[in-house]
Amino acid sequence: MRTYNPVLSTYKTISKQVEEMSHVKEPKKTLGGLLSPRRVEEKKEKGMDSPAMRVTSHFKILRDKRNEINGS
Amino acid sequence: MARSTDYSFDAPIPGMSLTAEFAARPWQSPPEIASVDDAIEYYLERMSNDDFADQLIDVMEMGVPVADIANTLQLGAVMEGVHTIDVGILVMPLLAEMMMLIGDSAGVEYDSGLEDNPDKDRVRRSLVEKTLRKLENMDSVKKNDETPDEEEEQETQESSTGLMARRQ
């Protein structure tokens with residue numbers, strides 16, 4: 001009998017997030033003033049302040065590399 | 001008699017965690033790594049080591065699922081007090097992906113262990129039996145369908161022998 005492994009659920013969730021990320025097109029960068037708080041807002045919009053999203057971004061890099069190796 | 005695979009007597013007994021002095025265990029004291037980013041860096045650094053990659057490839061070739069290796073790795077780090085269990089859970093998919101990347105780049109065939117139901121493709125014995133029974137039933141129905149025709153023929157032959165029957 002197979003015991004419960006938390007990797008299964010977390011891996012699936014992050015894979016889904018990566019797929020969603022690949023579908024979302026990045027908006028074109030608009031030029032702003034030097035004092036505009038654009039960067040902070042962009043970070044917040046992408047959810048990069050949450051640890052899960054940071055893991056997802058790292059995961060995406062590895063997934064892309066794997067796809068490159070496997071040729072898909 | 002089938003042997004039970006449930007080793008419930010191997011499980012810790014209630015209150016066992018209180019038998020040691022508090023904070024005597026590594027996982028009861030503050031972790032060395034508190035953030036996910038630091039944990040990622042810690043693991044990526046460890047995994048980029050050639051010795052680690054060689055050992056990992058050996059284990060993967062033995063047929064150990066990647067998911068199990070990832071779980072063991074992070075649980076070991078939790079037990080050593082490197083990071084907390086929640087950081088470990090967050091980092092686990094990354095560990096699995098990194099291991100699969102190492103396996104792919106080395107050209108190793110491995111079991112990811114990430115499938116929902118690994119026995120999904122295996123044909124169930126009960127399904128085979130059910131299908132066989134259905135086929136047998138279909139055969140018997142066909143035979144039953146065929147037998148009335150013969151009876152009908154016999155009836156027609158018999159009916160021609162009546163008094164009012166047409167002369168042939």
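Close-up 1. Just after α2(B), B:Gly63 takes a positive phi of about 100°. The model shown here, in this view and in those that follow, is a predicted one.

**Close-up 2. Helix α2 of chain B where it meets helix α4 of chain B.** The axes of α2(B) and of α4(B), the helix of residues 85-106, come within 10 Å and cross at roughly 85°; the two helices are therefore roughly perpendicular to each other. On the side of α2(B) the contact is made by B:Ala53, B:Leu56, B:Ile57 and B:Met60, while α4(B) brings B:Met99, B:Ile102, B:Gly103 and B:Ala106. Sorted by class, this contact of α2(B) with α4(B) holds 7 nonpolar residues and 1 polar residue, with no charged residues.

**Close-up 3. Helix α1 of chain B packed along helix α4 of chain B.** Helix α1(B), residues 36-47, packs with α4(B) at an angle of about 35°, and the axes of the two helices are 10 Å apart. The crossing in which α1(B) passes α4(B) is right-handed. From α1(B) the residues B:Val36, B:Ala39, B:Ile40, B:Tyr43, B:Leu44 and B:Met47 take part, and they meet B:Val87, B:Leu90, B:Val91, B:Leu94, B:Leu95 and B:Met98 of α4(B). Such spacing along a helix can be read with a general rule in mind: an α-helix has 3.6 residues a turn, so residues three or four places apart point the same way. By class, the contact of α1(B) with α4(B) has 12 nonpolar residues, with no polar and no charged ones.

**Close-up 4. B:Ala23 in the segment before helix α1 of chain B.** B:Ala23 lies in the segment that precedes α1 of chain B. Its phi is near 70°, which is a positive value in a residue other than glycine. B:Ala23 is exposed, because 10 other C-beta atoms lie within 10 Å and a residue counts as exposed at 12 or fewer.

**Close-up 5. Helix α1 of chain A against helix α4 of chain B.** Here the view turns to a contact between two chains, in which α1(A) and α4(B) pack at an angle of about 80° with their axes 9 Å apart; these helices are therefore roughly perpendicular to each other. In this contact A:Pro6, A:Val7, A:Thr10, A:Tyr11 and A:Ile14 of α1(A) meet B:Ile89, B:Met92, B:Pro93 and B:Ala96 of α4(B). The classes represented are 8 nonpolar residues and 1 polar residue, with no charged residues.

**Close-up 6. The side of chain A that touches chain B.** Across the whole interface, 20 residues of chain A are in contact with 22 residues of chain B. Helices α1 (6-23) and α3 (51-70) of chain A each supply at least two residues of the side that touches chain B, and the largest share of that side, 12 residues, comes from α3(A). By class, the side of chain A that touches chain B has 12 nonpolar, 4 polar and 4 charged residues.

**Close-up 7. Chain B as the setting for these views.** The secondary structure of chain B comes to 5 helices and 0 strands, and buried residues make up 20% of its 168 residues. Among the contacts in chain B between residues at least 6 apart in sequence, 73% join residues at least 24 apart.

Methods. Residues are numbered from 1 along each chain as its sequence is written. Chains are lettered from A and ligands numbered from 1 in the order in which they are written. This is a predicted model: local features need pLDDT of at least 70, side-chain atom pairs count only at pLDDT 80 or more; totals for chains, interfaces and linings use all residues. Helices (H or I, at least four residues) and strands (E, at least two) are DSSP runs, numbered from the N terminus. Two residues are in contact if their C-beta atoms, placed from the backbone, lie within 7 Å. Axes are lines fitted to C-alpha atoms, for helices over the stretch in contact, and angles run from 0 to 180 degrees between N-to-C directions. Angles under 35 degrees count as roughly parallel, over 145 as roughly antiparallel, 65 to 115 as roughly perpendicular and the rest as oblique. Ala, Val, Leu, Ile, Met, Phe, Trp, Tyr, Cys and Pro count as nonpolar, Asp, Glu, Lys and Arg as charged, and the others, Gly among them, as polar. A crossing is left-handed if the near helix is turned anticlockwise from the far one by less than a right angle, and right-handed if clockwise.
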